[in-house]
Amino acid sequence: MSLRSTTFIGLSIASLAYTWFYMFKYLEWSFNNYESKLQSPPPADHLVFRVAEWTRHTGLFEEAWAAVNFHPLRWWWSESLCLYTTGVWTIFIAVEGHRHKIKRVWAYMLLGQLVAISVASNLFYLALLVSSPPPTRNKPTAVKPRVWISVLLSLATVAVSPFTSDRSFLPNLLIMHTLIFLSIIPNYSPIADPVRHHPYSLRVSTLYRIAFLVSAIIRMRTARVAAAYLAATRPMSKAHIISAATSVLYSHPAMSSIGWDVIWTSISFVVWVLVRPTHPSDMSKARALPFLSIATPLASIAITAPYVLRFGEAVDPSADGNVKAE
């Protein structure tokens, strides 16, 4: 097994350990929170009955997402993961999964929803490394309308999430999670045939640019709201911002799970850019790595990832054969 493969296996294990340590903490918190609201304490020796009652009366999925949604600083963390998943990550696994002939691409997205995006990301990077290199592109790759429409609509659900109510929050969340599967459903090719004309197809490089711009606009609005919230509590400073971000990360176990998913997803993408097989049009690692290291903590991996990936979509007419790994 190569060092690169071992690296992503290790990152998968580390991200799983971090995110699910806090997920189990959340389950413990939810159980205790439910029982603390009961008028009469349940029998201590009837644990199975108590757990059954807790799961029957508690919507864990909705409760966890509500905990990380309806607060400006918590949403600053959570939005980063939502934008990344609905935007660049959906495009990336749809396009690269098709190019590398990865089977059951939808399973990686499902794994990301059920376990953690960081875990699914690392396993997908691993699948790309062990797959056969795709043929060199001599024409721009374009995606079918279903792909770019579903990406834009799912990004829109992220944009409206902070404005949802108790009644509209869950439907919006379910729509978001449904849309991201439309471009990777079984037996569907997301790539437009370069020979046949596909009306309304969109170049992958253009879609990455759109994901970058839309995510940046949404992110700037969220940053302004978070900054206003911080400014109302104490004078703004770099130390205050870092302290607030760290405090919010550990303010709730569900928030910690989401926050560490963001962190590990960001780290894993940087590692992928470092070790991935190179394409002649890729942003050089000498430029990409410093950019990602500096810009990602300030902006979001949802913004920096599509900015970097769009360069790799340029064609190389003079090349013949397969892309070579460094």
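This is a predicted model: local features need pLDDT of at least 70, side-chain atom pairs count only at pLDDT 80 or more; totals for chains, interfaces and linings use all residues.
Leu110 is found in helix 5, which spans residues 105-114. Together with Trp106 and Leu114, Leu110 forms a nonpolar patch on the surface, and the accessible area of the three residues together is about 270 Å².

Helix 5 also takes part in the packing around helix 8. The buried residues of helix 8 (residues 169-179) are Phe169, Asn172, Leu173, Met176, His177 and Leu179. Viewed down the helix axis, these buried residues fall within an arc of 165°, so they line one face of helix 8. They pack against helix 3 (60-67), helix 4 (72-99), helix 5 and helix 7 (145-160).

In soluble globular proteins, nonpolar side chains tend to be buried together. Here the largest nonpolar core has 78 residues, and the members that touch the most others are Phe8, Tyr84, Phe92 and Phe269. Helix 4 supplies the largest share of this core, with 14 residues. Tyr84 illustrates the contacts of one of these residues: with residues up to four places away in sequence left out, Tyr84 touches Trp89, Thr90, Ile117, Ser121, Tyr125, Thr265, Phe269, Ile301, Ala302 and Ala305.

Val143 lies in strand 1 (residues 142-143) and counts as buried because its relative accessibility is 0%. The C-alpha atoms of Val143 and Ala192 are separated by 5.1 Å, although the two residues are 49 residues apart along the chain. Ala192 is also among the residues that Val143 touches; with residues up to four places away in sequence not counted, the others are Val95, Trp148, Pro190, Ile191, Ser201, Leu202, Val204 and Leu207.

Val248 lies in helix 10 (residues 238-249). Its relative accessible area is 8%, so Val248 is buried. Apart from neighbours within four places in sequence, Val248 is in contact with Leu73, Arg74, Trp77 and Met255. For Val248 and Leu60, which are 188 residues apart along the chain, the separation of the C-alpha atoms is 20 Å.

Charged residues come next. Side chains of opposite charge can pair when their charged atoms come close. With a cut-off of 4 Å between the side-chain nitrogen and the carboxyl oxygen, the count comes to five salt bridges. One of them joins Glu53 and Arg56, whose closest N and O atoms are 3.2 Å apart. Both residues lie in helix 2 (residues 47-57), three residues apart, which is about one turn of the helix. Glu53 counts as buried because its relative accessibility is 19%, whereas Arg56 is exposed because its relative accessible area is 59%.

A salt bridge between Arg99 and Glu96 has its closest N and O atoms 2.8 Å apart. These two residues lie in helix 4, again three residues apart, about one turn of the helix. Both Arg99 and Glu96 are buried. Asp282 forms a salt bridge with Arg276, and here the closest N and O atoms are 3.9 Å apart. Asp282 counts as buried at 18% relative accessibility, and Arg276 counts as buried at 8%.

Arg310 is a further buried arginine, with a relative accessibility of 17%. Arg310 lies in the segment after helix 13 (301-309). Leaving aside neighbours within four places in sequence, its contacts are Ser205, Tyr208 and Arg209.

The last topic is backbone geometry. Most residues other than glycine have a negative phi. Lys101, which is not a glycine, has a positive phi near 55°. Lys101 is found in the loop between helix 4 and helix 5 and counts as exposed because its relative accessibility is 67%. Asn187 is also not a glycine, and its phi is positive at about 65°. Asn187 is placed in the loop between helix 8 and strand 2 (202-203). With a relative accessibility of 86%, Asn187 counts as exposed.

Technical notes
Residues are numbered from 1 along each chain as its sequence is written. Side-chain values use heavy atoms; hydrogens and water are left out. Patches are made of residues with over 30% relative accessible area and no salt bridge: like charges are joined within 9 Å, nonpolar side chains (Val, Leu, Ile, Met, Phe, Trp, Tyr) within 5 Å. Accessible areas come from the Shrake-Rupley method with a 1.4 Å probe; for residues, only the protein chains shown count as cover. Helices (H or I, at least four residues) and strands (E, at least two) are DSSP runs, numbered from the N terminus. Buried means under 20% relative accessible area, exposed over 50%, partly exposed in between (1.4 Å probe, protein chains only). The arc is that of the directions from the helix axis to the C-beta atoms. Contact means heavy atoms within 4.5 Å. A nonpolar core is a set of buried Ala, Val, Leu, Ile, Met, Phe, Trp, Tyr and Cys residues joined through side-chain atoms within 4.5 Å.
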